[in-house]
Amino acid sequence: RLALMALEAGLEGLRINPGNIGERKNVEMVVDAANARGAVIRVGVNSGSVEKRLLEQYGGPTPQAMVESALGHVRILEEHGFYDTKISIKSSSVLNTIECYRLLSQRCDYPLHLGVTEAGGVLRGAIKSSVGMGVLLSEGIGDTLRVSLTAAPEEEMTVAWELLRALGLRQRGPEIISCPTCGRTEIDLIGLAQEVERRLRTEKAPIKVAVMGCVVNGPGEAREADLGMAGGRDKGIIFRKGEVIRSVRGQEALLAAFMEELDKLLVERRDL
């Protein structure tokens, strides 16, 4: 009933397991409604939703059991002539998630929706999601994805974009590179990096920006950056493609000057 209401309201993608909605006529109604509206159905299996018979057969929610469960639901749609399907098999275990999708990619050609479910907060969730989905995407497995965090949705989007950027699959928006703190760091490097991240959070221009903690190595290590800054105890520099364009004194002056140059760069890129 809810699936039909959602499709009637204009939903373009439906997540439902046809084996869970009862009689054949129920499945037929959902399939007919999805066909009429050109909607896609995602069959989604989590480690906690595997059928009892498969749990008994495989000794628990193993990757093999989860794959069989997903393909069983897909077969029901195929029996009703529906093939606009994508599949997700998610686990809170990174290793199980990787094995599930590897097995599934060998057994069908349907689009696969990636995700590590119940991954946790921003830090742990970002790590687990990046490791699990990063391995799969680097192997050419996966068509869409969801980063699941116990956090605001915009945090999920940020992690997802950075994951895709790191793999060279998406280029939209700024890339920020910054060095770790070390014995040569004499400025508030963390604070400067956070200010730059806040400033660029909503920008879409594909620029590369560097925040470096050392004027000795900064420009050379980040020479590929479109714009960068590096600071020392008494002096800060701003550089473009490794070439110093400004020199200032004091951290506040460095940040202000960098923001001025950043605004100029963004205007240039928007005009292209």
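Tutor: Let us begin with burial: a residue is buried under 20% relative accessible area, exposed over 50%, and partly exposed in between, with a 1.4 Å probe and protein chains only. As to the source, this is a predicted model, in which local features need pLDDT of at least 70 and side-chain atom pairs count only at pLDDT 80 or more, while totals for chains, interfaces and linings use all residues. Residues are numbered from 1 along each chain as its sequence is written, and side-chain values use heavy atoms, with hydrogens and water left out.

Student: Is C214 buried or exposed?

Tutor: C214 has a relative accessible area of 9% and is therefore buried. Helices (H or I, at least four residues) and strands (E, at least two) are DSSP runs, numbered from the N terminus. C214 sits in the loop between β7 (208-212) and α9 (218-221). Its C-alpha atom is separated by 9.4 Å from that of R233, and the two residues are 19 residues apart along the chain.

Student: Where is V43, and is V43 buried or exposed?

Tutor: V43 belongs to strand β2 (residues 40-46), and its relative accessibility of 0% makes V43 buried. From C-alpha to C-alpha, V43 and K86 are 6.3 Å apart in space, although 43 residues apart in sequence.

Student: At what angle do α5 and α6 pack?

Tutor: Axes are lines fitted to C-alpha atoms, for helices over the stretch in contact, and angles run from 0 to 180 degrees between N-to-C directions. Helix α5 (residues 94-107) packs with α6 at about 25°, their axes being 9 Å apart. Angles under 35 degrees count as roughly parallel, over 145 as roughly antiparallel, 65 to 115 as roughly perpendicular, and the rest as oblique. The helices α5 and α6 are therefore roughly parallel to each other.

Student: How do α4 and α5 pack?

Tutor: Helix α4 (residues 63-79) meets α5 at an angle of about 45°, with axes 9 Å apart. That angle makes α4 oblique to α5. For handedness, a crossing is left-handed if the near helix is turned anticlockwise from the far one by less than a right angle, and right-handed if clockwise. The crossing of α4 and α5 is right-handed, and that of α5 and α6 is right-handed.

Student: How many salt bridges does the count give?

Tutor: A salt bridge is a side-chain nitrogen of Lys or Arg within 4 Å of a carboxyl oxygen of Asp or Glu. By this rule there are 17 salt bridges. One of them joins the side chains of R102 and E139, at 2.6 Å from N to O. R102 lies in helix α5 and E139 in the loop between α6 and β5 (144-145), so the pair ties together parts 37 residues apart in sequence. R102 is partly exposed at 32% relative accessibility, and E139 is partly exposed at 39%.

Student: Which residue meets R146 in a salt bridge?

Tutor: The side chain of R146 meets that of E156, at 3.1 Å from N to O. R146 lies in the loop between β5 and α7 (153-166) and E156 in helix α7, so the pair ties together parts 10 residues apart in sequence. R146 is partly exposed at 40% relative accessibility, whereas E156 is buried at 10%.

Student: Which residues are linked with R246 in a network of salt bridges?

Tutor: The network links R246 with E260, E261 and K264. Within it, the closest N and O atoms of E260 and R246 are 3.1 Å apart. E260 lies in helix α10 (residues 251-271) and R246 in strand β10 (residues 243-248), so the pair ties together parts 14 residues apart in sequence.
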